[in-house]
Amino acid sequence: MSQFAVNLIFVGGSFLLYILIAIWAKAGSTKDFYVAGGGVHPITNGMAIGADWMSAASFISMAGLIAAGGYANSTFLMGWTGGYVLLAMLLAPYLRKFGKFTVPEFIGDRFYSKSARLVAVVCLIVASVTYVIGQMAGAGVAFSRFLEVDATMGLIIAAIVVFVYAVLGGMKGITYTQVAQYCVLIIAYTIPAIFISLQLTGNPVPPLGLFSTHADSGVPLLEKLNQVITELGFNSYTDDVDNKLNMVLFTLSLMIGTAGLPHVIIRFFTVPKVADARWSAGWALVFIALLYLTAPAVASMARLNLMTTIYPDGTAAAPIEYDERPNWVREWEVTGLIQYEDKNNDGRIQLYNDTEAFQAEAESRGWNGNELVVNRDILVLANPEIANLPSWVIGLIAAGGLAAALSTAAGLLLAISSAVSHDLIKGAINPNITDKGELLAARISMAVAIVVATYLGANPPGFAAQVVALAFGIAAASLFPALMMGIFSKRVNNTGAITGMLAGLGFTLVYIFVYKGWLFIPGTNNLEDIPANWVLGISPLSIGAVGALINFVVAFGVSSVTEQPPEEIQELVESVRYPRGAGSAADH
């Protein structure tokens, strides 16, 4: 049986399962659509949160970024994991006590203002659409390879699949679909990792294999990797970073962005009790840790496998001839995600760090420039092929990668649709809209969001994990401070909250657009996105932490010179701090 047929069986079988679940759990009311009826078990919810959380950025792109940057990119792991601790301890139980469907609804009621609710809707949509762009881009990468089509067609197929099961099922369908997707993606991620760890180190536990001895050379795996890549002009894989400020801000931006992401927060309204919200967060951390502890090993082993594929003897002296390239390179070349140009006409593949510092060494070897461009997002998906694992493992990781991308995309689209239908239309434009009309508006807005994300996903402003990091920065700068002040400060009023959100969002977006292009449209950026152009060495991926600080300062400053919130709002804040006795989530 061909690899294409195996891929179709795994991917098609998993998709059939998702769609059947969506039909079985079809939302029949707004409560089903928004919070799955409010009766999901904490373990089930924790697993669904894990799938919602472990997106294309986690499954596909994070290991690729760590593989490319080594220790410097471990900030993705630290920030995303730390953010869940903040979410579990500081936000989830209190928001569940408040008992509303959406983040904008909480902000609107807490700050007693329709304007605050509308500003929160804008913040939510901007952050969520940016996040969906990364998911759709990652799904397009996976579809393009495993269905053997170009990346654009892969993106379109991904959009159609998400449309079918997310628009139909709402939160109720998405919850049980995500449980199935978690099972698929965690099995798909760990089984190839175990095979490859055994192959390279003899240790079946990938996190331990990372610190074990490389079987062929007899030296530690990371030391072997450092030897191979430093000879080709790359930085040492285990080197520390020079710019500590940017690293700290980036980690902080990911942490508070995690705690402010609306598609994760809304999941805590799907459980019956406040205590269940805490348990859901705890179980989610367990399920997420299974993948996150494995990711550094997958990244390191993928990088070593890639380099030893191009340089079979482990040195730069004898790169492989292009005509003798392995089949996996040929297959990925079809997608356009691997590109080769023979710049010195020697018929071999030169893969190295083409920088000014390494130029003299490259010229002495007769090299005229790096000849192989490998999209970082493919490393996890290509890893089983690089390691010559069985075809069923390749099919399994295809299904897992797609499950990761589509599960998060569905959760984000639900957050967008609920913000538009519940907070914008019902909350501000037409409070008397019927239940049926609100459901229709939710589904239409979700469809529009899919179209926008698909269009921008065709030309994303970075790799999947980088685009997601931008979304976290936007959420960190706009929503997280408003949520924290709404729960823990009785003094912050509606004027302070609105100006703080606008200041944080505006500052962060402008800084990002200057380097990434206005509205992420390619070619519209004012400055090239390189460290030399960053203000104080702060990258666009890290600026969310600064935006959050601006939000806090402006909100407290404005609130201090304007009227105090009404007495009943202060009493509400006091009651929310004690997360006991919450009833079911209210839909009004």
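Reader: What makes up the accessible surface of the protein chain, and how many Å² does the surface come to?

Author: The accessible surface is about 21,000 Å², and carbon and sulfur atoms hold 63% of it. Such areas are from the Shrake-Rupley method with a 1.4 Å probe, where for residues only the protein chains shown count as cover. A word on sources: this is a predicted model, in which local features need pLDDT of at least 70 and side-chain atom pairs count only at pLDDT 80 or more, while totals for chains, interfaces and linings use all residues. Residues are numbered from 1 along each chain as its sequence is written, and side-chain values use heavy atoms, with hydrogens and water left out.

Reader: Why is Tyr 112 called partly exposed?

Author: Buried means under 20% relative accessible area and exposed means over 50%, with partly exposed in between (1.4 Å probe, protein chains only). Tyr 112 has 27% relative accessibility, so it counts as partly exposed. Tyr 112 sits in the loop between helix H6 (103-110) and helix H7 (114-146); helices here are DSSP runs of H or I with at least four residues, strands are E runs of at least two, and both are numbered from the N terminus. Its phi is positive, about 40 degrees, although Tyr 112 is not a glycine. Most residues other than glycine have a negative phi.

Reader: And what makes Asn 345 exposed?

Author: Its relative accessible area is 67%, and therefore Asn 345 is exposed. Asn 345 also has a positive phi, about 55 degrees, without being a glycine, and is found in the loop between strand S1 (338-340) and helix H16 (359-364).

Reader: What makes a set of residues a nonpolar core?

Author: Its members are buried Ala, Val, Leu, Ile, Met, Phe, Trp, Tyr and Cys residues joined through side-chain atoms within 4.5 Å. The largest one has 187 residues, and Ile 107 is among those with the most contacts inside it. Helix H18 (residues 391-429) gives the largest share of this core, 18 residues.

Reader: Which residues does Ile 107 contact beyond its neighbours within four places in sequence?

Author: With contact meaning heavy atoms within 4.5 Å, the partners of Ile 107 include Ala 116, Leu 479 and Met 501.
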